[in-house]
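Please open the structure in your viewer and keep the selection panel at hand.

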Amino acid sequence: MPARTTSTHVTLADVFGYPSFRPHQAEIIDWVADGNDAFVLMPTGGGKSLCFQIPALHRPGTAIVVSPLISLMKDQVDALCANGVAAAVLNSSLSPEDSSAVLDRLRAGQLDLLYVSPERLVMDGFLQMLSRLEIALFAIDEAHCVSQWGHDFRPEYVQLGCLRERFPAIPIVALTATADEQTRIDVLRQLGLSGARMFVTGFDRPNIRYAAEYKTKPAAQLMEFLKQHDGESGIVYALSRKRVADVADKLRDAGVRAAAYHAGMGAVARARVQDAFMGDRLDVVVATVAFGMGIDKPDVRFVVHYDMPKSIEGYYQETGRAGRDGLPADALMLWSMQDVMTSKGFIDAVASDEQRRIETHKLNAMVDFAEALSCRRRALLGYFGEELAGDCGNCDVCSAPPETYDATIDAQKALSAVYRLSERFGLGYVVDVLRGSENQRILGNGHDSLSVYGIGGEYSKDEWSAVFRQLIHRGYLRVDVSEYSTLKLTPTAAAVLRGEEDVRLARPLAPRPKAEKVPKSTKRAKSLALETDEQADLFERLRELRREIAAEKAVPAYVVFADAALADMARRQPTDRDEFLQVSGVGKAKLEQYGEVFLQAIRGRPEIKVVGEDV
Ligand code: ADP
Ligand code: ZN
């Protein structure tokens with residue numbers, strides 16, 4: 001397609017309906033539109049897509065976008081078409097007729113953007129055809145897939161290395177949200193992008209609130225959390241298929257619009273769940289980590305980990321699926337010592353020493369994060385080598401810093417018990433001895449005659465296990481997984497036992513200030529910056545209208561309008577077309593398509609539909 005001659009700012013407003021660029025977008029867009037290579041590392045939700053979509057419109061010819069997942073391509077293309085952009089998909093999901101129709105449009109120069117799968121792109125005939133056409137740029141989305149260092153390696157991506165050589169004059173932009181230093185270097189090398197300018201924006205997702213809770217009654221903890229998110233979109237991750245199914249059942253029994261999603265389900269059943277979620281006909285998906293790879297729903301308001309993830313990378317990526325639209329979102333992780341043990345068990349089964357070492361390191365970092373006694377965001381970003389200037393004020397630790405106390409005596413009791421039990425028992429047993437349990441095994445072993453028997457009656461089991469966890473975490477104790485998870489003293493324990501070292505711990509399970517239950521409309525109103533009840537009600541009505549339209553058109557709800565756009569409508573309450581165009585997220589195409597019906601809903605009149613009369 002011919003290049004636009006207006007400024008990129010005008011395109012941003014006319015086509016995408018946004019008043020201003022996000023940080024770095026303008027710079028990247030100008031650089032690529034000028035014909036240069038770029039490597040873009042931006043967190044999820046940072047707004048990477050515009051970094052190639054706008055240059056695509058400002059350069060003559062068709063932009064070729066490589067994306068690893070068919071469902072993602074389709075959603076992006078739907079969203080572009082809804083904004084009046086000439087975009088299409090070419091991949092194995094198309095019928096031969098549809099494919100050849102797309103190819104006809106491509107050859108006729110009628111497309112601004114073409115999304116293709118990597119295997120399709122590198123077919124020799126296809127590359128030859130492209131070399132005869134005018135190409136605006138190549139965009140390689142999820143570029144970390146090219147690297148074996150990354151966690152999503154895709155062999156098809158490796159062949160993309162040929163693009164730089166075959167199309168020396170066409171700009172290439174590679175984009176990703178997850179690249180550590182090693183992966184980054186590898187991506188550049190594999191793609192031959194040695195001259196590319198790097199745009200690295202950091203990992204922080206300031207709109208996500210991080211929280212972690214020790215599992216005591218996980219189902220009840222989850223329900224309590226969900227009360228705060230009634231009617232919102234969210235994902236609950238669990239580690240096993242069975243757990244996924246159980247949790248989904250429980251939620252449904254409690255009246256939550258929830259469904260399970262895991263690899264054991266058929267493709268059709270999975271697609272149905274995904275479609276319902278995208279169409280806002282389903283609020284909560286309970287899933288194994290596989291879910292989310294293929295979805296790009298900007299208004300996911302929360303992500304819950306029902307089990308502790310195995311690494312910070314995984315945790316970051318999964319929580320990153322919340323709040324892509326930049327509006328407030330919640331990430332809650334439930335975890336337990338049992339989770340840690342389960343992961344340790346998996347790691348111990350790994351054959352290679354090196355691999356075991358790496359995974360142990362990753363797991364330890366995850367536990368550190370779970371146990372964090374200071375700002376959780378700092379801990380998270382610190383893992384990625386990024387430093388935050390101050391505490392974030394938007395995590396559970398910042399809002400309710402844990403109370404610490406002199407735990408020297410508790411630690412001495414705990415370590416002595418391990419010692420007196422000859423380091424031959426697991427956590428549960430040691431706690432029972434401390435609490436003076438009359439359990440048969442203890443009596444049978446004669447452990448009721450030990451000096452430590454019953455010296456810890458002041459704490460509950462949960463409280464003691466919190467003390468033990470912290471002692472393990474601080475390195476005074478270790479768990480021998482190879483020997484039935486028995487507790488062992490480490491050399492540092494001796495100083496505590498001899499009274500030469502004091503120990504400060506977080507008060508075990510100090511009751512967290514309970515989140516006040518806020519009515520749904522106020523809660524949402526607050527997070528969307530809606531000022532009055534009237535605006536909040538209007539937002540709900542617009543959301544309902546969006547749901548109906550999305551269902552009718554069989555597109556994801558956000559393709560019609562994102563939450564942010566609906567919230568802006570509710571705030572501004574436009575009364576005519578000009579005012580409607582001022583709403584963030586409303587470009588010219590959406591004005592034409594939806595202006596009338598949304599303006600009518602905002603005027604709020606046809607509550608009673610009068611048939612045959614123009615209301
Ligand atoms: P990423 O690919 O980096 O995860 P997206 O490109 O999908 O992020 O953008 C995330 C969300 O932010 C989308 O809903 C997108 O429409 C929105 N967005 C992107 N740029 C802007 C902007 N300049 N102003 C407002 N919203 C934007
Ligand atoms: Zn914080």
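Begin by selecting the zinc ion (ligand 2) in this predicted model. What arrangement do the four donor atoms form around the zinc ion? They subtend angles of 101 to 120°, and the arrangement is therefore tetrahedral, since four donors count as tetrahedral if all angles lie between 85 and 135 degrees.

Next, display the side chains of Cys375, Cys392, Cys395 and Cys398. Their SG atoms are the protein donors of the zinc ion (ligand 2), at 2.3 to 2.4 Å from the ion.

Cys392 has a relative accessible area of 24%, and Cys398 has one of 22%. Both values lie between the limits of 20% for buried and 50% for exposed, so Cys392 is partly exposed, and Cys398 is partly exposed as well.

Move on to ligand 1 and show the 15 residues around it. Which of these residues come nearest? They are Tyr18, Gly45, Lys48, Ser49 and Arg324. By class, the shell around ligand 1 holds five nonpolar, seven polar and three charged residues.

In Tyr18, a polar side-chain atom is 2.6 Å from an oxygen atom of ligand 1. In Lys48, an N or O atom of the side chain is 2.8 Å from an oxygen atom of ligand 1. In Gln25, a polar side-chain atom lies 3.0 Å from a nitrogen atom of ligand 1. On its own, ligand 1 has 560 Å² of accessible area, of which the protein covers 84%.

Methods. Residues are numbered from 1 along each chain as its sequence is written. Chains are lettered from A and ligands numbered from 1 in the order in which they are written. This is a predicted model: local features need pLDDT of at least 70, side-chain atom pairs count only at pLDDT 80 or more; totals for chains, interfaces and linings use all residues. Side-chain values use heavy atoms; hydrogens and water are left out. Donors are N, O and S atoms within 2.8 Å of the metal (3.2 Å for Na, K and Ca); water is not among the atoms, so sites may look incomplete. Four donors count as tetrahedral if all angles lie between 85 and 135 degrees; four count as square planar and six as octahedral if opposite donors are over 155 degrees apart and all others between 65 and 115; anything else is irregular. Buried means under 20% relative accessible area, exposed over 50%, partly exposed in between (1.4 Å probe, protein chains only). A residue is near a molecule or strand if one of its heavy atoms lies within 4 Å of it. A polar contact is a pair of N or O atoms within 3.5 Å; within protein, one must be able to donate a hydrogen and the other to accept it, and residues adjacent in sequence count only if both atoms are side-chain atoms. Accessible areas come from the Shrake-Rupley method with a 1.4 Å probe; for residues, only the protein chains shown count as cover. Ala, Val, Leu, Ile, Met, Phe, Trp, Tyr, Cys and Pro count as nonpolar, Asp, Glu, Lys and Arg as charged, and the others, Gly among them, as polar.
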